[in-house]
Amino acid sequence: MIHTKLVRGEIARLQVKIELLENVGRRYLLTGVEEDLAVMPGLHDDISVRQLRLRELTRDNPDQQARLDQADAAMQSWYQDIAEPEIKWMDNPASRDEATQRVKSGEGTTRLDNLSRIPAEMQDADRALVLEP
């Protein structure tokens, strides 16, 4: 039972960090407040730590490991394809409108929403394991 609570706690913390990253990133892109940008690498690192901890806790569960693989790939893709280009655009006053339009397109939000579904699936799978006879 303690193991189950540890897994669920890590999943919940992962979900919160993903939501924070999305909110801080969007706010930075819409307002340009540098403090938001400064927080993003730490949030990204926190997400990586949570994923590593979940890997340890679920090492005996191939389905959960596969979900973590999906989460790793989704995070990497979002960071490389969405966050990094948008941050670069914000650094250059001539391309800030491009960054704002990208935010308004919702692509980054959609990708992070898809990433957020993975911990939710992990939580559902964990509940199902507990209910198994």
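The model is predicted, so local features need a pLDDT of at least 70 and side-chain atom pairs count only at pLDDT 80 or more, while totals for chains, interfaces and linings use all residues. Residues are numbered from 1 along each chain as its sequence is written, and side-chain values use heavy atoms, with hydrogens and water left out.

The chain contains five helices and zero strands, where helices (H or I, at least four residues) and strands (E, at least two) are DSSP runs numbered from the N terminus. Read from the N terminus on, the order of elements is α-α-α-α-α. Taken along the principal axes, the box filled by the C-alpha atoms is roughly 60 × 25 × 15 Å. Of the 133 residues, 41% count as buried; here buried means under 20% relative accessible area, exposed means over 50%, and partly exposed lies in between (1.4 Å probe, protein chains only). Among contacts (heavy atoms within 4.5 Å) between residues at least 6 apart in sequence, 68% join residues at least 24 apart.

Attention now turns to one helix pair. Two packed helices are described by the angle between their axes and the distance between the axes. Helix H1 (residues 2-31) packs against helix H5 (residues 107-131) at an angle of about 170°, and their axes are 10 Å apart. Axes are lines fitted to C-alpha atoms, for helices over the stretch in contact, and angles run from 0 to 180 degrees between N-to-C directions. H1 is therefore roughly antiparallel to H5, given that angles under 35 degrees count as roughly parallel, over 145 as roughly antiparallel, 65 to 115 as roughly perpendicular and the rest as oblique. On the H1 side, the residues making the contact include Val7, Arg8, Ile11, Leu14 and Ile18; on the H5 side, they include Leu112, Leu115, Pro119, Met122 and Asp126. The residues of this contact divide into eleven nonpolar, five polar and six charged, with Ala, Val, Leu, Ile, Met, Phe, Trp, Tyr, Cys and Pro counted as nonpolar, Asp, Glu, Lys and Arg as charged, and the others, Gly among them, as polar.

Charged pairs come next. Side chains of opposite charge can pair when their charged atoms come close. With a salt bridge defined as a side-chain nitrogen of Lys or Arg within 4 Å of a carboxyl oxygen of Asp or Glu, the count comes to 13 salt bridges. One of them joins Arg8 and Asp126, whose closest N and O atoms are 2.8 Å apart. This pair links distant parts of the chain, with Arg8 in helix H1 and Asp126 in helix H5, 118 residues apart. Arg8 is partly exposed at a relative accessible area of 29%, whereas Asp126 is buried at 8% relative accessibility.

Other salt bridges lie within a helix. Glu10 and Arg13 meet at 3.2 Å, N to O; the two are three residues apart in helix H1 and thus separated by about one helical turn. Glu10 is buried at 6% relative accessibility, and Arg13 is partly exposed at 38%. In helix H5, Asp124 and Arg127 are also three residues apart, about one turn of the helix, and the closest N and O atoms of their salt bridge are 3.1 Å apart. Both partners are partly exposed, Asp124 at 47% relative accessibility and Arg127 at 42%. A network of salt bridges links Asp81, Arg102, Glu107 and Arg111.

Individual residues complete the picture. Ile82 lies in helix H3 (residues 62-91) and is buried, with a relative accessible area of 1%. Not counting residues up to four places away in sequence, Ile82 touches Ser77, Arg102, Glu107, Gly108 and Arg111. His44, in helix H2 (residues 34-57), is buried at 14% relative accessibility. Leaving aside neighbours within four places in sequence, His44 is in contact with Leu21, Met75 and Tyr79. Asn23 of helix H1 is partly exposed at 40% relative accessibility, and the C-alpha atoms of Asn23 and Asp36, 13 residues apart along the chain, are separated by 9.4 Å.
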